[in-house]
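Good morning, and thank you for coming. Please look at the structure as we proceed.

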Amino acid sequence: MSFDPEPTVDREALESVFADHLSEAAVRAAALICGGWNLALPDDSTRLDLPVFTDARGAANWMAANTEALLSCVRGAEEGRSHLTVCRIVESLEVHLRGTGRAPELVELLRAALACAREMEDTVWEARTRNLLGLTLLETGALTGAEREFEAALALADVDEDERGRAFALEGRGIVAQRDRRDDEALSLFERVRPLKEALEWPHGIAVLDLLVGRSLLNSGRFEHAMERLDLAMAVFDGTGEDAVPDEVNAAKVRSERGRALIAARRFADAREELHEAREDFERHDQVSPLARVCELLAGLGQLNREDDWRRHLVEAERLYERIGDTTAAERVRRHLQM
């Protein structure tokens with residue numbers, strides 16, 4: 001008779017519990033970070049001992065500490081054909097990784113999740129994932145690819161009568177038009193989104209829409225109306241509005257747009273204050289893409305003020321665009337540097 005001092009451990013069962021624990025925690029963290037519009041909802045019946053997040057910053061810190069473990073869980077879930085787990089974790093990671101310079105990696109993750117959604121024949125998840133893929137492609141400057149994903153997502157949402165998917169896809173198409181300097185078209189698309197988001201009673205999502213509308217109004221030279229929309233957005237993102245959840249990244253985006261408006265009004269000191277505060281927040285959250293755009297604005301402000309070192313901001317912007325793979329934006333900055 002032999003005695004085995006090591007207890008028998010079901011490795012697969014342990015790995016499954018670990019993956020369930022991480023994916024459930026990630027869903028809860030992502031809901032706080034993005035203002036609660038995930039397709040994946042927390043499982044309130046779970047008996048897992050999960051971390052408790054009190055605010056978005058704590059949730060983001062947890063996501064940062066556990067990103068690599070979550071990526072490992074995605075790979076394991078793919079191998080085990082746990083399609084829904086892949087979709088849930090990738091959606092949560094997208095919230096955390098968007099804008100951080102890991103766009104190429106995130107594109108691959110979202111393509112894996114898209115394949116899983118199609119394997120499940122779940123068109124709601126497919127539309128959701130296509131919308132997220134479109135947003136990530138925008139970070140690399142791939143406007144055509146992004147628009148293709150938003151159009152496919154909209155077609156799926158129309159068939160499913162999925163109002164959330166429809167709102168997200170129309171908004172995405174509006175962002176593509178905005179990036180392509182077709183601001184009248186962008187504003188028209190954003191106005192189609194508004195009643196959908198109002199019906200869904202999603203204050204954070206409406207604030208994002210106000211930010212986008214404010215940006216296109218600025219592009220069109222309608223500064224007073226733009227500032228009104230930006231102020232409405234900030235009241236949600238800074239946590240002072242009714243039912244508001246603080247969102248430092250989107251608040252920084254509002255400050256960036258305010259800075260742009262103040263430059264146009266030649267209120268240079270106020271513009272510099274807004275842009276430097278936005279820059280600090282983007283740096284703290286490792287938001288590479290919006291940080292690069294702020295650097296371009298600081299360069300323009302410096303040039304208007306005849307500052308000797310304004311080009312250093314463009315050098316930094318070029319480096320940041322190269323980091324996220326937006327070669328079109330990097331080339332634009334290089335041309336400006338050569339002028």
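Helices α4 and α5 (residues 123-139 for the latter) each supply at least two residues of the lining of the largest cavity. Helices here are DSSP runs of H or I with at least four residues, and strands are E runs of at least two, numbered from the N terminus. This is a predicted model, in which local features need pLDDT of at least 70 and side-chain atom pairs count only at pLDDT 80 or more, while totals for chains, interfaces and linings use all residues. Residues are numbered from 1 along each chain as its sequence is written, and side-chain values use heavy atoms, with hydrogens and water left out.

What is a cavity? On a 1 Å grid over the protein atoms alone, it is a set of points where a 1.4 Å probe fits but cannot get out, and lining residues have an atom within 4 Å of a point. Grid points are joined across faces, edges and corners, and a volume is the space filled by probe spheres set on the points. The count is one cavity of 30 Å³ or more, and the largest cavity holds about 60 Å³ of space. Its lining includes R98, G99, T136, E139, S289 and I324. That lining has four nonpolar, five polar and three charged residues; Ala, Val, Leu, Ile, Met, Phe, Trp, Tyr, Cys and Pro count as nonpolar, Asp, Glu, Lys and Arg as charged, and the others, Gly among them, as polar.

I turn now to packing. Two packed helices are described by the angle between their axes and the distance between the axes. Axes are lines fitted to C-alpha atoms, for helices over the stretch in contact, and angles run from 0 to 180 degrees between N-to-C directions.

Helix α5 and helix α7 (residues 163-179) have axes that come within 10 Å and cross at roughly 15°. That makes α5 roughly parallel to α7, since angles under 35 degrees count as roughly parallel, over 145 as roughly antiparallel, 65 to 115 as roughly perpendicular and the rest as oblique. In their contact (heavy atoms within 4.5 Å), R128, N131, L132, L135 and L138 of α5 meet G165, F168, A169, I175, V176 and R179 of α7. This contact divides into seven nonpolar, two polar and two charged residues.

Next, consider α4 with its other partner. The axes of helix α3 (residues 83-97) and helix α4 (residues 103-120) come within 9 Å and cross at roughly 150°. That makes α3 roughly antiparallel to α4. Among the residues in contact are V86, V90 and L93 in α3, and L106, L109 and A113 in α4. The contact has 14 nonpolar, one polar and two charged residues.

Key. 1 Å grid on protein atoms, 1.4 Å probe; cavity = no way out; pocket = protein on both sides within 12 Å on 5 of 7 lines; lining within 4 Å.
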